[in-house]
Amino acid sequence: MAAPLASKAGSAGTTSKPPFPELDFRSGARVEELNKLIQEFTKHDQREYDDQRALEIHTAKDFIFSMLGMVQKLDQKLPVANEYLLLSGGVREGVVDIDLDELNVYARGTDYDMDFTLLVPALKLHDRNQPVTLDMRHSALCHSWLSLRLFDEGTISKWKDCCTIVDHINGATNYFFSPTKVADWFYDSISIVLSEIQKKPQRGMPKVEKVEKNGTIISIILGVGSSRMLYDIVPVVSFKGWPAVAQSWLMENHFWDGKITEEEVISGFYLVPACSYKGKKDNEWRLSFARSEVQLKKCISSSLMQAYQACKAIIIKLLSRPKAISPYHLRSMMLWACDRLPASYLAQEDYAAHFLLGLIDDLQHCLVNKMCPNYFIPQCNMLEHLSEETVMLHARKLSSVRSDPAEHLRTAIEHVKAANRLTLELQRRGSTTSIPSPQSDGGDTNQPDDRLAKKLQQLVTENPGKSISVFINPDDVTRPHFRIDDKFF
């Protein structure tokens with residue numbers, strides 16, 4: 001009797017709800033359960049800041065910017081009025097494309113509570129209104145050497161000691177800006193400044209818990225009140241405009257078309273201190289489109305971002321040895337998926353599980369084929385250098401995730417819960433309370449800081465996941481200069 005009834009229902013133009021939940025074909029996991037697990041991960045991964053924490057964040061940021069102002073005054077190498085790009089998340093979180101195998105392992109909860117990446121221009125080329133042509137004759141795709149012949153004699157004189165020197169047959173001398181020498185200079189300068197600052201500690205000043213050189217980046221962990229903040233500081237070369245090597249990318253259709261302007265996307269790019277697999281470390285820089293990625297992130301749906309964050313948490317733990325896949329690879333795959341799939345599909349709020357499974361599939365596909373194109377320079381394959389053994393090892397690990405995504409999500413949730421518990425335990429024990437809180441002085445003098453804390457908390461609340469660009473003049477570090485996307489504060 002059931003079959004004829006179903007037939008009648010169909011003929012009447014009605015649809016009946018399937019008698020079974022939606023399942024993932026590969027693992028048999030319930031899609032509804034995966035969605036709930038992703039939501040739970042997001043809840044624990046995203047923390048809310050009260051006024052005290054917001055003020056601690058601001059105090060740490062102010063300390064870092066004041067320190068960089070003092071670095072500039074040491075030998076006037078850094079631009080006087082500099083523009084930094086502050087990104088939420090450390091280098092290990094894949095916010096910039098830098099190799100992770102040279103970095104010490106830091107764990108949230110154990111070593112820090114919040115992490116940031118700060119791009120600090122050592123040199124700026126900001127007055128060009130045409131595609132920027134770089135010297136890529138000696139380097140792999142997506143990499144470049146940088147000759148100081150592009151700059152004036154004063155700049156060459158300042159930075160000569162941070163260059164490798166190449167003498168030509170005609171007797172001319174060419175100075176190539178060296179990422180390793182710049183990083184060494186930067187670390188030494190920061191160490192000198194921090195040593196001077198610590199000789200005259202001031203009330204409410206952050207405690208410098210760790211300063212380490214990790215490859216070509218400088219990692220600083222500050223204790224402020226009950227918070228520990230990791231700053232990965234990256235010396236970069238900053239350009240306005242767009243590199244000629246990525247010009248063809250602009251000719252293609254993209255998911256952000258019509259949502260943000262091309263001018264916003266191509267406003268600038270960087271060279272970061274990272275070389276290719278076979279490149280010369282002393283000379284080779286890597287192109288970075290971090291400024292553009294901040295803009296593109298505005299066009300990505302919250303459900304896809306939640307899936308990306310959950311997937312990233314899984315692969316950071318699972319694919320950590322040997323170091324081959326970084327969260328930046330996953331970010332690139334997500335951007336390609338946005339170009340490939342309909343916007344209406346990616347905007348579905350209850351599709352986070354589908355997006356997570358799709359990202360795992362994409363990553364496994366890239367590994368098996370040893371192919372992950374850079375989003376901005378597609379002819380650059382970011383996995384080309386890996387051995388067959390390494391890619392197959394990681395592909396097999398991902399196969400285990402794909403066979404039981406729910407279990408791996410539960411593990412990721414437990415990890416983030418444990419990190420949060422460690423943070424709360426540290427706050428309860430007051431292990432950093434020897435550092436006076438910026439609010440501990442009392443009196444009316446703290447009213448401006450209270451207002452700033454509320455303003456910063458409001459910025460964080462209203463702009464979840466967005467990166468903050470900060471302008472600062474080292475001769476005036478008293479005023480905040482926030483910019484979130486195109487808004488100034």
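Reader: If contact means heavy atoms within 4.5 Å, what share of the contacts in the protein chain with a separation of 6 or more comes from residues 24 or more positions apart?

Author: Those residues account for 75% of such contacts. Please bear in mind that this is a predicted model, in which local features need pLDDT of at least 70 and side-chain atom pairs count only at pLDDT 80 or more, while totals for chains, interfaces and linings use all residues. Residues are numbered from 1 along each chain as its sequence is written, and side-chain values use heavy atoms, with hydrogens and water left out.

Reader: How many helices and strands does the protein chain have?

Author: The protein chain has 14 helices and 13 strands. Both are DSSP runs numbered from the N terminus, helices being H or I with at least four residues and strands being E with at least two.

Reader: And what percentage of the residues counts as buried?

Author: Of the 489 residues, 52% count as buried. Buried means under 20% relative accessible area, exposed means over 50%, and partly exposed lies in between, with a 1.4 Å probe and protein chains only.

Reader: Let us take β8. How many of its residues are buried?

Author: Strand β8, residues 227-240, has 13 of its 14 residues buried.

Reader: Which strand pairs with β8 in the parallel sense?

Author: That is β2, residues 114-125, which pairs with β8 over 11 bridges; two strands pair if DSSP finds at least two bridges between them. Proline 121 stands opposite valine 236 in β8.

Reader: How many bridges link β7 and β8, and in which sense?

Author: Strand β7, residues 217-224, pairs with β8 over seven bridges in the antiparallel sense. Leucine 222 stands opposite methionine 229 in β8. The two strands form a hairpin with two residues between them, and glycine 225 in the turn has a positive phi of about 60°.

Reader: What about β9?

Author: Strand β9, residues 268-272, runs antiparallel to β8 and is joined to β8 by four bridges. Serine 238 stands opposite tyrosine 270 in β9.

Reader: Lysine 77 next. Where is lysine 77 found?

Author: Lysine 77 lies in the loop between α3 (51-75) and β1 (82-88). Lysine 77 is buried because its relative accessible area is 9%. The side chains of lysine 77 and aspartate 161 are joined by a polar contact of 3.4 Å. A polar contact is a pair of N or O atoms within 3.5 Å; within protein, one must be able to donate a hydrogen and the other to accept it, and residues adjacent in sequence count only if both atoms are side-chain atoms.

Reader: Which other residues is lysine 77 in contact with?

Author: Leaving aside neighbours within four places in sequence, the contacts of lysine 77 include Gln72, Ala122, Lys158, Trp159 and Trp185.

Reader: Changing topic: how many cavities of 30 Å³ or more does the structure hold?

Author: The structure holds three. On a 1 Å grid over the protein atoms alone, a cavity is a set of points where a 1.4 Å probe fits but cannot get out, and a pocket is an open set with protein on both sides within 12 Å along at least five of seven lines; lining residues have an atom within 4 Å of a point.

Reader: What volume has the largest cavity, and which elements line it?

Author: The largest cavity has a volume of about 90 Å³, a volume being the space filled by probe spheres set on the points, with grid points joined across faces, edges and corners. The elements giving two or more residues to its lining are α7, α8 (302-318) and α9 (327-340). Among the lining residues are Glu293, Leu296, Tyr308 and Arg331.

Reader: How much of α7 is buried?

Author: Helix α7, residues 290-297, has seven of its eight residues buried, including Glu293 and Leu296.

Reader: Finally, how much space lies in the second largest pocket?

Author: About 1000 Å³. Of the 43 residues that line this pocket, the closest to its centre are Asp99, Cys275, Tyr277, Arg286 and His385.

Key: Contact means heavy atoms within 4.5 Å.
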